[in-house]
Amino acid sequence: ICYADTPTAINREHAIFDADRCVAVSPSDTAPALVALDAQMVIRRGNQERVVAAAEFFVGPGVDIERMTVLEPGDLLTAIRLPGTWAEAQFYFEKVRDREVWDFPLVNVASAIRPAGDRIEEMRLVVGAVACQPRRLTSVETAVAGEPINEATAERAGQLAVEGALPLQYNGYKIPLMRNLVKRAIRGATPWTS
């Protein structure tokens, strides 16, 4: 049962994308950053070791409603490896929360942008707290590749990012919040003027 997805629920913090059996969100600040940077999760069980991409490490309730990662009883996350792929990229992270103390995100964004002059050569863009697992925005990444780092590109990215969002009764505010965080991630790539 997902108590947040009932007609009387106060579902202010819940998913606006990919609701599958439950509308709870991934509350992690680290997860979007790990996915954006192509992190590899090293998992050990006894003498066996396996490596799982961060994008596949976090799972939603459609896979298992009782856990948020691929870790099973007896598994231990022993290391997180960050490949050098994005070492020279410009990284951006921002989180919006209710209080100015430790708190779960209402929405967060992580990006790694490899600029080529004043253009985006390549980008990884991931948002959190809008779905049951970190949401990589591949359609936005594709759309902005080769585009100038300017307000028009930021605006287009923000609009594309929220396409398909399905808010619940109390969390419609997440759509403009997410759109604006995506725009800020593009703007944060390099200093520029409009």
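Here are a few notes on a helix pair, the cysteines and one aspartate in this predicted model.

1. Let's start with the helices. Two packed helices are described by the angle between their axes and the distance between the axes. Here, α4 (residues 151-161) and α5 (residues 174-187) pack at an angle of about 145°, and their axes are 8 Å apart. Their crossing is right-handed.

2. Now zoom in on that contact. On the α4 side you'll find residues including Glu151, Ala154, Ala157, Gly158 and Ala161, and they meet α5 residues including Met178, Val182, Ile186 and Arg187. Sorted by kind, the residues of this contact come out as six nonpolar, three polar and five charged.

3. The cut-off is 2.5 Å. A search of the whole structure turns up zero disulfides. Cys22 is buried, with a relative accessible area of 15%, and Cys132 is buried too, at 7%.

4. Last, have a look at Asp103. Is Asp103 buried or exposed? Asp103 sits in the loop between β4 (90-96) and β5 (107-116), and it counts as buried because its relative accessible area is 11%, under the 20% cut-off. Its side chain makes a polar contact with the side chain of Arg99, at 3.2 Å. Leaving aside neighbours within four places in sequence, Asp103 touches Lys95, Arg97 and Asp98.

Conventions. Residues are numbered from 1 along each chain as its sequence is written. This is a predicted model: local features need pLDDT of at least 70, side-chain atom pairs count only at pLDDT 80 or more; totals for chains, interfaces and linings use all residues. Side-chain values use heavy atoms; hydrogens and water are left out. Axes are lines fitted to C-alpha atoms, for helices over the stretch in contact, and angles run from 0 to 180 degrees between N-to-C directions. Helices (H or I, at least four residues) and strands (E, at least two) are DSSP runs, numbered from the N terminus. A crossing is left-handed if the near helix is turned anticlockwise from the far one by less than a right angle, and right-handed if clockwise. Contact means heavy atoms within 4.5 Å. Ala, Val, Leu, Ile, Met, Phe, Trp, Tyr, Cys and Pro count as nonpolar, Asp, Glu, Lys and Arg as charged, and the others, Gly among them, as polar. Buried means under 20% relative accessible area, exposed over 50%, partly exposed in between (1.4 Å probe, protein chains only). A polar contact is a pair of N or O atoms within 3.5 Å; within protein, one must be able to donate a hydrogen and the other to accept it, and residues adjacent in sequence count only if both atoms are side-chain atoms.
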